[in-house]
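Hi,

Here is the structure I said I'd pass along. Have a look at it first, and then read on for what turned up.

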Amino acid sequence: MRWKDGLKEGVALGGLLLIFAGLPWALRAYESGRVRRLADGRPVFTVYANATFGTWTTTPLVGWTYFWRKPEPAHIQVRAGQPFVLRITSVDVHHSFGIPQLGIGPYDVEPGRFLELELQIDEPGLYTFMCYTVCGRHHEKMMGTLEVLGEGP
Amino acid sequence: MSARSDVVTEPVVERPAPKRPYLKGRWVDLFERVRPLKGLLRWRSFQFLAILPNLFLFYLFILAALWGTPVGSRNIMIVFVWILWWFALITLLVPLAGRLWCTMCPLPALGEWLQRLRLVTVRFAPKAKGFKNVLFGLNRKWPKALDNIWLQNFLFLTLATFSALLVTRPIVSAFVLGGMIVLALGLALVFRHRVFCRYLCPVSGFLGLYAMTSSVALRSRDWDVCVRCPTKGCMLGSENGWGCPWMVYMGKLDRSNYCGLCFECLKSCPNDNIGLFVRPFGVTETRILHLDEAYKAFIMLVLAAVYSVTLLGPWGTFKDWANVTETANWRGFLTYAALVWGACLVVFPTVYGLLVKVSQWVSRWLGRWVLAPAPAAANGAGEPDFRTLFLRFSYPLVPLGLLAWIAFSLPLFFVNGSYILSVLSDPLGWGWDLFGTAHVPWKPLIPEWVPVLQAVVLLGGLAVALRTGWAIARELWHDPRRARWGLAPMAGLWLTVTIGFLWLFTG
């Protein structure tokens, strides 16, 4: 191979490798940076609403896990008085999110969109969040728990 | 690349009036009109650079399908592939530029690059017998029995049967696209050239069919130059270009079905005998030659109707049958699959064949008893046989089918187009807002005009089908009166099909 051809091939191969290695890295890096900015030092919890199993879950439900992973019901723990962020999305149909004991919501949760709530709960206790829109056969099972622990050290 | 070949002889330079029997009528050589275009297409890096952005995008689509939201309308895989790409492909690229998508398609690219062990340059073996390029892999020849597009037909029908899943579930689309990449890669290592594109790719099958109508076509300027060419560089390769990856010999090419517009022949031709021509849409000089191609035309037309019913129509039962993962109604799904396959492979071809028989009978009866027959026609000699009529009259279904597909695609784009803006800012459904358009609400564009546009497109398709049908009938029967009667049953069917689509879209 002549050096000119070799140079062309090298540049082209470099472009390919940049795409194959760089794109996944860029997507992940941008997302983690964005969540870090959103968190601003606070814990962030992502909750997925799934009508098929009738559950709110913190198990990541994305394209490749949606069909085979049976999600665990969400159980979120925070400290009383500690600010935190809830990111809520639906992976199928319209849902509504609310925590009746705390007077939070109901908020619309659209499929494929994120609802981001910045919360701080001062009263320790076990709170249940639920779906306010009839979302399917398992609507009545759509519950998760938010456990607010007493202020710790 | 390496030293000049001792087999490459002097180029054939004598240029008498070019013989191009298929270039009848208003054909314009783009290379003569737009001079820089030829240089651009001869540039070795051109195809690589055309593929690269699409490779980037399709890689992003697959990553988005794996890692992004499973909600189709919020995932770039579904919105960009099945709304934007499909619409651009069927309404712009195919009618205007035929197989131009194949020039920049990333799906077979990895296999081809591995087969060539090169990304942009050429491996030249001047002393090799036959092909003058070195290819990596087993270099087997594709079996003769499969040298047709039946496999493409069946694969396309299979995908079409699962289309309700394919166009709504990102992960299913990712598996299909990923599967095509892997299959193309595997085949490239076993067989020489692009056998995946030529014989298996479901997209390539209909691109090839509809490329027959397209306004752009690559052809040799003069067949005689090709016949006298001692090197046949376009077919066998040269130091400047690879032998045609689509296994096409430019000296015989008079249809666009199997030319993938990779422009390798433009680079490897030693005689500067390749032209890129612009011609009228839906030209009448081309023809369907084989039964597999005729069936492709039937399948495409019937599927345009099936999709219109399933995706746009108000019939919930049919939708439920097609969408088996939502309903788990397997009996309904099997009924749907049987209806689709039966309509494509049995019902429509049978009806078409019967009408062709009627057309043959009417023209022969008229020739014998009513019109003053030519002596040869009176006893049946010189009459077109059934097979010829069947194949020739299947060509008008190509422009008719293409415009039916365009009419079907219009509401997909105009109704769901606003998703493109929101997905542009949030391609994976992760809550991003890159360009400030993530929260653009869903809003159909000009919904009141869509049925009007669909009607215009369908009637345009009917007009082109009738025009090509008339040209074919004149060519088959010579006598205009017999041609008119022979065409009538077929024209009746094309009219019925158009009215059926009009009813589906506007009724």
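In chain B, 78% of the contacts between residues at least 6 apart in sequence join residues at least 24 apart. Bear in mind throughout that this is a predicted model.

On the overall build of chain B: there are 24 helices and three strands. Its radius of gyration is 24 Å, close to the 23 Å that the globule rule gives for 507 residues, so chain B is as compact as a globular protein of that length. If you want a box for it, the C-alpha atoms fill roughly 70 × 65 × 40 Å along the principal axes. Of the 507 residues in chain B, 49% are buried.

Now the core. The largest nonpolar core has 170 residues. Which residues have the most contacts inside it? They are Phe61(B), Phe298(B), Leu301(B), Ala404(B) and Ala407(B). In soluble globular proteins, nonpolar side chains tend to be buried together. If you zoom in on Phe61(B) and skip its neighbours within four places in sequence, you'll find it in contact with Ile76(B), Met77(B), Phe80(B) and Val81(B).

Next, the contact between the chains. It takes 29 residues from chain B and 26 residues from chain A. On the chain B side, the elements giving two or more residues are helix 3 (46-67) and helix 9 (170-190). Helix 3 of chain B makes the largest contribution to that side, with 10 residues. Sorted by class, the side of chain B that touches chain A has 20 nonpolar, seven polar and two charged residues.

The strands of chain B are worth a click too. They form an open sheet of three strands in the order 1-3-2, with antiparallel pairing. Strand 1 (28-29) and strand 2 (216-220) are the edge strands, each pairing on one side only. Strand 2 pairs with strand 3 (residues 274-278) in the antiparallel sense over five bridges. To pick out one of the bridges, look for Ser220(B), whose partner in strand 3 is Ile274(B).

Last, helix 23 (residues 450-477) of chain B. It has 28 residues and reaches 40 Å from its first C-alpha to its last, close to the 40 Å expected at 1.5 Å a residue. Just after helix 23, His478(B) takes a positive phi of about 65°.

Cheers

Terms used:
Residues are numbered from 1 along each chain as its sequence is written. Chains are lettered from A and ligands numbered from 1 in the order in which they are written. This is a predicted model: local features need pLDDT of at least 70, side-chain atom pairs count only at pLDDT 80 or more; totals for chains, interfaces and linings use all residues. Two residues are in contact if their C-beta atoms, placed from the backbone, lie within 7 Å. Helices (H or I, at least four residues) and strands (E, at least two) are DSSP runs, numbered from the N terminus. Ala, Val, Leu, Ile, Met, Phe, Trp, Tyr, Cys and Pro count as nonpolar, Asp, Glu, Lys and Arg as charged, and the others, Gly among them, as polar. A nonpolar core is a set of buried Ala, Val, Leu, Ile, Met, Phe, Trp, Tyr and Cys residues joined through C-beta atoms within 7 Å. A residue is buried if 20 or more other C-beta atoms lie within 10 Å of its own, exposed if 12 or fewer, and partly exposed in between; C-beta atoms are placed from the backbone. Two strands pair if DSSP finds at least two bridges between them. The expected span of a helix is 1.5 Å times one less than its number of residues. The radius of gyration is taken over C-alpha atoms; the globule rule is 2.2 Å times the number of residues to the power 0.38.
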